[in-house]
Amino acid sequence: MIGAIAGKEFRDYLTGRRFLIIFSFLLATITLSLIQTKMGLESWNVPGSEGPKMYDIMFGLSFYLGFIGAIFALSLGFDAVTREHEDRTLKVLMGHPVFRDQVILGKLLGGALTLGVAVAVTALITTGMLLWIGVTIDDYLRLFTYFLLIYLYLMTFFTMAVAFSAHSKSSGNALMYSLVMFLALMTILMPIGSIVAHKLAGPKPEMPDELKALQEQMMQGNASMEEMQKYQTLMDEYQNQTEKWFKRYWKIQEYFQMFSPENDFTTITNYVLNPYAEKSEEQGMAYMVANPGENEKPKHSLMESLSFAEKELAVLVGYLVLWFVVAYLGFVRAEIR
Amino acid sequence: MKRLASFLVFLLLLPLAKADTVFLNLYIGDTVDVNGVSVHLVDISNDYSAMLSVNGQNYLLVFGGNVSIPDRNLTIYLGSVYPEKRLVHLILEGPELKLKKARGSVELRTTFPSRVTPPGGSVSFTITVKNLGEDGFYPLRLKLPMGWEGKLLAEGSEIAGVYLGRGESASFNVVVRAGKVPGDYPVVVMTGESSLRLTVHVERVEVSLSADYPEKEVEAGRSVNFRIHLSSTGEVTLPLSARVPEGWSARFIAGSDVVRMIHLKERAELLLSVSVPSDAPVGRYAINVSAGEAHETLYAYVNRTHAGENGTLSLRVFDEESGSFLPGVTVALYRGGKPVAEAKTLSDGSAVLQAPEGDYTLKVSKEAYREVERRVHLSAGSKTEETIGLTRLPYYFVLQVQAPSKSATLGETITYEFTLRNLGLNDDEYHLSIVPPEGWGAIVTENPESRQGITSTYLKSGEEKRLYAVLIPPDSVKLGNYTATLRVESSGSGEIRTSRLTVSLTGSYGITLVPERYSLEVNAGKEKALRVRVKNTGTSPLTNVELKVNAPEGWTVKVSPGKVASLGGGDWATFTVRVTPPANADAGDYVINVEAVSDQKKASDRIRITVERAGTGKYAGIGIILGSLILLAIILRKYGRR
């Protein structure tokens, strides 16, 4: 029964104009971006140098996939339940001998299938484009994992949209809630994190007056040897304190960033695509700079790279489960008139 | 003296008095007794008449006049009269004439007949004269040693005689200036037949010589002064002498003069300056000093010697015109025509030369200045200072060709840069000319770009000008070495300076390479060939022409042929380059550098190589894209239908 509902949903999605328009837009964006990259490569060629690596190019692509892809996922899910209300088909559906949970699971499965097809097509076209451009794909497994990650990421937004749809009276409301939540997670989380981190980390250590005076004296160039030594001691202490403060600050900031799916996606992308990416322990931010030239950096296996992003993966999966549960409960308990 | 001589003649004639005729000289006051007749010459007057007193009877006679005394058979004739000599000749005639000097009638006396005087000193005797005979005038005469002077003085003036009455007496002084030679000398005072012998003792003059410090220390090469004190008991003129060791010299200095003799009056002070040669060994040296009879030995102790050391000549050279010191002046010391030491002056015009002790010719010369020669003496271990002024020559110039030897390729004109500098005192005009190799063209120009020649140029004093000599070979010229002569003549001095300009004409070399294509598409791991043509664009052949290809690491490059031994002017050579990128090369554009190298010249170019991943990547990509689109279409077709 779930299969029938899922198949019906899958068909509905594919025939929907919305799917075709936004998916075409996504594909066009990616294709254009890659063509632009190819043209850039031709003019940017340095004799004898190695060509650009797969992760350099894919990293640039991730932004489009992350942003437009998320909107695409939202667009698929926001009216999954409300549409049935509005078309008054739900009652018809409920008239059949189906359980409510079968309906919602079928809907989710249908959406998942649709997204799967979309991601698969995107992955194939991207791979084809990369080959056509002449970029060396040194690890197909990582590329595959990357697209799996995209799928996971899009699924969180899709379930989120379905969850809002299950709780809303109209499609418009669901879309609004979904977009607000999407933007909140994308943009507002970071400044709030910063403010909270500032509050929790306590006041930033200030330069002591004595140190300021000594610094002034040093600038004018009339400090004695003893004063210079004292300045050194005080400065070291001050820097130590500042460093500690920054560590506390980043730690708190990190927690907030972790709740942004977009940030999680970017972080994991870096580890998955770049075998040389190091886990950043000191700061909450992973450096997104891939540096293929530096061979001193050790090359990590895919499992190692993934292990660096455990927390972020957990949060993404957590979101997926959370929205799934919310959607499920919302639909199952909904009063259907 | 004459009186004395005539008196002696008179005495000699005494033996002849027995003859019939006797010639007799008689002075005023003289009396002679002839056969008992007293003849006395009283006086002579200026009109050559004489007053004779014969036996107390006075006769006034002129030349030839006579007095006869018949009872004695005697006739007295008056001969020549010499009033200035106060003398007359008398001729006496008579048988058996006997002449007898009359007894002195005047007595001369003194209390102190002997006196002492230093050499050249004066003594005075007081003489008393008493008349024992007749009244009359008694002339006084003085007989002195050779070279002495004497006077008879009475009542403050000189006297010639004395008039005394019988029994009267008078006093007068005899003042004598003694001679220089010590000893006892007689001085005789005479009147008539009386005389008084006086004795003057000229004593010996004692001279003493001494020095304040009879022994002094001195450094070799310096001089030492001794202060000499001379004293004498009388007035004396003395020769001065000092005997010094060989090579030394000594001088007596009084005031600012160098003296050899001294006129000593009691005491005097002198300076003896002794110059010690620089090479005098350390030791004590005696200096024997004498002034006349006085001797003294002084000693100089040489406490430091400069034997074997060099002398130093410190020079400063300046321009006499401007007064400023001249740098870069050559100063040299010559001995016997050979240079011993040479130096150049520094920016402050100073120079220091060192040479062994001796006499040298110092030559000071500088370009555009008149050379100066000077005699200098250098002393071992000591410094001699000289300041020398140089005068600039009125006309002087320098011609300097920066690179007189050049090499050029066929068809080129050759330009030599040269500088004319007027270092003379005056402005000058210079005539410029070039004697080129036969058939060549040549000009002198102010601008190397222009072909406008000049034949003369004008330079103010101190100015310099940069000019260019341009040689233009004819078209038919052959390879080889050629010589031209640049000639510059000063119109001020007529001086001519020339410079040889040489040129070595060689052929030209040039190389270019022309690749068949500038971009190449190669599949990774596959070989691709490219032809590169190399041309000798010069006139001379290039040797050992080869093609070197600089490709990225791991690429295989083969070039054939490996080397072309010789490539003639204007000829082409074709090389084939086979490039194989490694199988794992990344797709993309690469650049290889192709360089044509010969012994003479080289040229290079870059070729872009596009590596494709064996073509499969591209097609696979397109295939995947198409496949995915078809897949999407199938899905849409199958499920997209309502």
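**Ground rules**

Before the first helix pair, I noted how angles work: axes are lines fitted to C-alpha atoms, for helices over the stretch in contact, and angles run from 0 to 180 degrees between N-to-C directions. Helices (H or I, at least four residues) and strands (E, at least two) are DSSP runs, numbered from the N terminus. I am working with a predicted model, where local features need pLDDT of at least 70, side-chain atom pairs count only at pLDDT 80 or more, and totals for chains, interfaces and linings use all residues. Residues are numbered from 1 along each chain as its sequence is written, chains are lettered from A and ligands numbered from 1 in the order in which they are written, and side-chain values use heavy atoms, with hydrogens and water left out.

**Entry 1: helices in chain A**

I started with H9 (residues 209-220) and H10 (residues 225-258) of chain A, whose axes lie 10 Å apart at an angle of about 130 degrees. That makes H9(A) and H10(A) oblique to each other (under 35 degrees counts as roughly parallel, over 145 as roughly antiparallel, 65 to 115 as roughly perpendicular and the rest as oblique). Their crossing is left-handed, a label used if the near helix is turned anticlockwise from the far one by less than a right angle, with right-handed for clockwise.

Which residues of H9(A) and H10(A) meet? On the H9(A) side I listed A:Glu210, A:Leu211, A:Leu214, A:Gln215, A:Gln217 and A:Met218; on the H10(A) side, A:Glu227, A:Met228, A:Lys230, A:Tyr231, A:Leu234, A:Met235 and A:Tyr238. Contact here means heavy atoms within 4.5 Å. The residues of this contact split into 8 nonpolar, 2 polar and 3 charged (Ala, Val, Leu, Ile, Met, Phe, Trp, Tyr, Cys and Pro count as nonpolar, Asp, Glu, Lys and Arg as charged, and the others, Gly among them, as polar).

Next I checked H6 (residues 100-133) and H7 (residues 140-167) of chain A: their axes come within 9 Å and cross at roughly 145 degrees. H6(A) passes H7(A) in a right-handed crossing. I noted 17 nonpolar, 6 polar and 1 charged among the residues of that contact.

**Entry 2: sheets in chain B**

Strands pair if DSSP finds at least two bridges between them. I found an open sheet of 5 strands in chain B, in the order E37-E44-E43-E39-E41, with mixed pairing. Strands E37 (405-409) and E41 (456-459) each have a single partner strand, so one side of each is left without a neighbour in the sheet. E37(B) runs parallel to E44 (residues 496-506) of chain B, joined by 5 bridges. In that pair I spotted B:Ala408 opposite B:Leu505.

Another open sheet in chain B has 4 strands, E31-E30-E33-E34, and its pairing is antiparallel. Its edge strands are E31 (338-344) and E34 (372-378). On average, neighbouring strands of this sheet are turned by 25 degrees against each other, direction ignored. E30 (residues 330-335) and E33 (residues 358-365) of chain B share 5 bridges, and B:Leu333 stands opposite B:Leu362.

Most residues other than glycine have a negative phi, and most peptide bonds are trans. What is the phi of B:Tyr48? I read a positive value of about 60 degrees, although B:Tyr48 is not a glycine. B:Tyr48 sits in the loop between E3 (37-44) and E4 (49-54) of chain B. The peptide bond from B:Ser560 to B:Pro561 is cis, with omega near -5 degrees. I placed B:Pro561 in the loop between E49 (556-560) and E50 (564-567) of chain B.
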